[in-house]
Amino acid sequence: MISRDEFKRAARERTIIIDGAYGTGFFDMGLGGVPSEVLNLEHPDKVETLHRAYVEAGCDLLLTNTFGGNRFKLEENSLEDKIGEIHAAAVDIARRAAGAAPGRRILVFGDISSTGRLPRPSGDGSFEECRRVYAEQASLLLEAGCDGLIVETMTDIKEMKSALIAIREISADVPLIAQMSFDESGSTLTGASIEVFAAVANDLEVDALGMNCLIGPEGMLGNLRRLAPLTNCLLSVEPNAGDPYFDGQKTAYGIDAAAFSLYAEEFVEAGASLIGGCCGTNSDYIKAIAAMLRGVVPASVRRRAVTCRQSLASRTSVHDIGQGFTVIGERINPTGKKLLRESMRSGELGVMLDEASAQAREGAHVLDVNFGVEKFFSEDGIRDAFVALDRATPLPLSIDVQSLDFLEAAMSEYPGRPLVNSSACDERSLSRKLPLLKKYGGIMILLAMESEISDNPDGRLEAVSRAIDRARQFGLSGDRFVVDPLVLSYGAGFDHKVTLEVIRLCVERGIHTIAGLSNLSHGMPNRSGINAAFLSMAIDCGLSGAIMNSGDSVVMQTFFGATLLKTGKLDEVAAGEEMDPLVEALLSGRSKVVDAMVDEKLSAGAPPIEVSQDFLGSAMELVGDLYEAKKIFLPHILFAAETAFPVFDRLNAMMTGEGASRGRVLLATVEGDIHDIGKNILATVLRAGGFDVIDIGKNVPADKIVNCAKEHAPDIVGLSAMMTTTVGRVSEVAESLRDAGLNVIVISGGASMNAELAGMYGVGYADNSSGALSLCKELMGRAS
């Protein structure tokens with residue numbers, strides 16, 4: 001293993017060329033029928049041949065053949081008992097190939113990717129399970145002698161976070177590259193944007209941030225330019241060789257090696273220090289990149305303008321403290337609120353989610369989450385609350401949790417970059433909370449006090465300065481903190497002018513401040529008026545944000561007016577798109593509201609089938625349309641489905657006779673393909689659209705699909721093929737169904753399928769779940 005500093009020095013001396021694709025390489029060798037990782041044991045010579053081809057082409061960094069080598073992935077093929085052998089062999093093979101280049105040092109990085117069991121709410125896995133699986137794989141790779149590690153082709157920010165945290169628990173000094181897969185809009189499948197990725201990963205001791213797979217070099221260049229000003233890390237890119245297509249004999253890609261290499265210098269100019277290839281690339285592509293970059297000044301020598309931001313992030317959105325006033329909604333706090341308290345303690349979180357939705361509509365930018373008396377909660381309850389908020393609101397969260405165990409549970413469960421509320425500045429308080437901030441990331445509120453609250457501004461500021469110095473010694477920079485200047489009760493005799501002066505002093509030093517506004521008027525009459533008056537004064541002094549009641553019109557109108565007079569800009573609440581009330585209720589998980597709306601239709605005389613298909617089903621179709629338009633993402637559509645399906649079941653139980661279902665669809669991911677997220681989304685959309693769905697899983701052989709079709713007699717068989725190496729299985733299954741004499745319609749989809757291939761195979765095709773639903777409706781209409 002080399003040190004992180006050595007790795008960064010190497011990147012300053014030259015652009016590091018990473019190798020190309022392995023899955024398509026093995027397929028071209030005739031080895032596409034088995035998991036790639038098995039080849040380390042059964043065909044090590046073939047693996048070494050592919051490695052050597054990349055070394056001879058001029059690559060500087062080889063990835064081990066362990067992309068799908070984590071325990072969860074190996075369990076899918078009953079290979080988990082060979083996990084140690086597979087990783088030891090993979091590193092040994094890569095090392096031998098790397099040593100075949102005299103006079104050159106070829107780095108060997110252990111390759112790590114998704115577990116296939118996304119943590120909640122994107123899947124049914126847990127953060128802790130993912131962390132343990134990644135810790136095991138990282139340990140095996142480092143024990144076998146890797147120089148560094150790469151986590152790549154990730155689509156879920158929470159799973160990425162679990163991997164990075166696990167690796168840093170294993171080693172603080174291993175060079176680490178983190179890459180996610182973004183589409184051309186700059187979003188992952190589960191909703192993380194490039195900005196969210198940067199905000200989260202910048203805190204987690206990563207050496208290089210980047211992107212790979214999914215799109216070609218042109219789209220990736222635009223995404224890299226978005227990432228470049230957001231991080232001081234090295235930048236890495238590994239694009240696909242364009243889009244896949246069928247050339248009459250096999251799947252090919254749209255960009256050849258010469259055209260691919262033309263983007264290499266543009267990547268370097270945009271800031272990339274590491275460049276390689278993903279799906280469809282081979283040693284010819286790597287050779288062309290290496291030739292193109294000879295003599296080109298590396299990115300690390302060039303100046304890259306990086307914007308310093310204090311960004312908070314949820315799964316899907318970013319809010320920058322200091323870019324306008326930050327309104328932090330205070331109402332997820334059960335103190336003095338019986339209904340909310342009972343709801344949160346019981347785990348029935350509807351009232352909490354209603355408060356989250358309401359504060360978002362009122363104009364809050366961030367939501368503070370407080371559990372009141374924490375002894376009435378369990379760690380699982382804390383985790384469940386943050387999972388529910390993750391999928392119900394796009395707003396970043398402030399974690400207002402005091403128990404250390406509960407705080408760690410919340411920080412590990414939260415996928416984004418939270419505001420941590422809070423720590424006093426004394427050494428004891430900091431020693432408890434700084435390790436969590438460093439491990440999980442985030443921005444912490446420092447209370448301007450140590451063991452006592454100073455009654456003068458300089459005393460409070462001195463406490464803050466000592467705390468930031470301690471944090472720097474711990475490896476945390478000053479921009480990981482904001483300051484609470486301490487708003488105290490006016491009725492208890494505290495002088496509000498001290499707080500205002502602390503705000504001014506912090507502004508002079510470039511420190512952002514966030515205050516708890518409602519503390520001021522505790523025990524006083526006309527609380528709204530008092531809070532509003534102080535808020536205006538504090539904004540004029542430079543206050544960056546406040547934890548406040550976004551539903552208090554007096555306070556909110558004062559906020560608008562004060563910011564206008566202070567900045568000359570009108571800080572209005574962004575007007576969101578008007579949404580169908582039923583769709584909004586489904587997306588926010590308000591099951592009682594959905595039930596009431598359905599009951600209203602039934603009471604008005606609408607038959608259950610009409611309510612199911614034309615009311616609730618239509619609303620779920622709109623949810624699907626929002627997903628396809630990238631206005632919501634995987635966790636949100638799953639949450640809406642969880643809310644809707646019990647209501648569908650209730651309506652189905654009321655139906656008698658024919659017509660309760662639009663038809664029966666059997667779904668499967670073809671043999672050799674273990675990607676099933678798209679298929680699972682389609683199953684959700686089809687069920688919501690009134691179809692009976694039989695989902696028989698992933699990596700399903702043709703004979704099993706035929707047998708299940710005989711057993712269940714579906715009207716339609718839907719086949720998913722994500723990988724270019726498995727699209728031919730669609731044709732195989734279609735032929736097998738015809739040979740078995742089954743009169744069933746076959747449709748197909750997946751990243752590697754297209755209309756041309758579907759036409760050649762004699763099957764239907766849709767490029768997304770909404771299109772597949774429309775296709776199924778059309779086909780069943782014809783059949784009737």
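How many salt bridges does the structure hold? The structure holds 45 salt bridges, a salt bridge being a side-chain nitrogen of Lys or Arg within 4 Å of a carboxyl oxygen of Asp or Glu.

This is a predicted model, in which local features need pLDDT of at least 70 and side-chain atom pairs count only at pLDDT 80 or more, while totals for chains, interfaces and linings use all residues. Residues are numbered from 1 along each chain as its sequence is written, and side-chain values use heavy atoms, with hydrogens and water left out.

## Domains and their interface

The domain assignment divides the chain into domain 1 (4–302), domain 2 (495–573) and domain 3 (581–783); such bounds come from an automatic or database domain assignment. The contact between domain 1 and domain 3 takes 22 residues from domain 1 and 21 residues from domain 3, where contact means heavy atoms within 4.5 Å. Taken over C-alpha atoms, the centres of domain 1 and domain 3 are separated by 33 Å.

The size of an interface is often given as the accessible area lost when the parts come together. Between domain 1 and domain 3 about 1700 Å² is buried, and carbon and sulfur atoms give 63% of this area. Buried area here is the accessible area (1.4 Å probe) that two parts lose on being put together, summed over both.

The count of salt bridges between domain 1 and domain 3 is 2. Across the interface of these domains, 2 residue pairs are in polar contact, both at pLDDT 80 or more. A polar contact is a pair of N or O atoms within 3.5 Å; within protein, one must be able to donate a hydrogen and the other to accept it, and residues adjacent in sequence count only if both atoms are side-chain atoms. On the side of domain 1 that touches domain 3, the elements giving two or more residues are α2 (23–28), β8 (244–246) and β9 (251–253). Helices (H or I, at least four residues) and strands (E, at least two) are DSSP runs, numbered from the N terminus.

## Salt bridges

Side chains of opposite charge can pair when their charged atoms come close.

| Pair | N to O distance |
|---|---|
| K630 and D183 | 2.7 Å |
| E48 and R52 | 2.9 Å |
| E195 and R226 | 2.7 Å |
| E732 and R729 | 3.1 Å |

E195 is partly exposed at 22% relative accessible area, and R226 is partly exposed at 30%. Buried means under 20% relative accessible area, exposed over 50%, and partly exposed in between (1.4 Å probe, protein chains only).

E48 and R52 are 4 residues apart in helix α4 (residues 44–57), about one turn of the helix. E48 is buried, with a relative accessible area of 13%, whereas R52 is partly exposed at 32%. E732 and R729 are 3 residues apart in helix α29 (residues 728–739), again about one helical turn. E732 has a relative accessible area of 31% and is partly exposed; R729, at 25%, also counts as partly exposed. An α-helix has 3.6 residues a turn, so residues three or four places apart point the same way.

A network of salt bridges links R4, K8, R168, E205 and D207.

## Cores and buried positions

The largest nonpolar core has 163 residues, and L535 and M548 have the most contacts inside it. A nonpolar core is a set of buried Ala, Val, Leu, Ile, Met, Phe, Trp, Tyr and Cys residues joined through side-chain atoms within 4.5 Å.

Leaving aside neighbours within four places in sequence, the contacts of M548 include F325, V327, I328, L517, L535 and F559.

In helix α10 (residues 217–227), the buried residues are P217, G219, M220, L221, N223, L224 and L227. Their cover includes α9 (194–201), β6 (208–212), β7 (234–238), α11 (257–261), α12 (264–270) and β10 (272–275).

L430 is placed in helix α18 (residues 427–440) and is buried, with a relative accessible area of 2%. Not counting residues up to four places away in sequence, L430 touches S423, A424, C425, P435, L446, A467 and R470. The C-alpha atoms of L430 and M292 are 51 Å apart, the two residues being 138 places apart along the chain.
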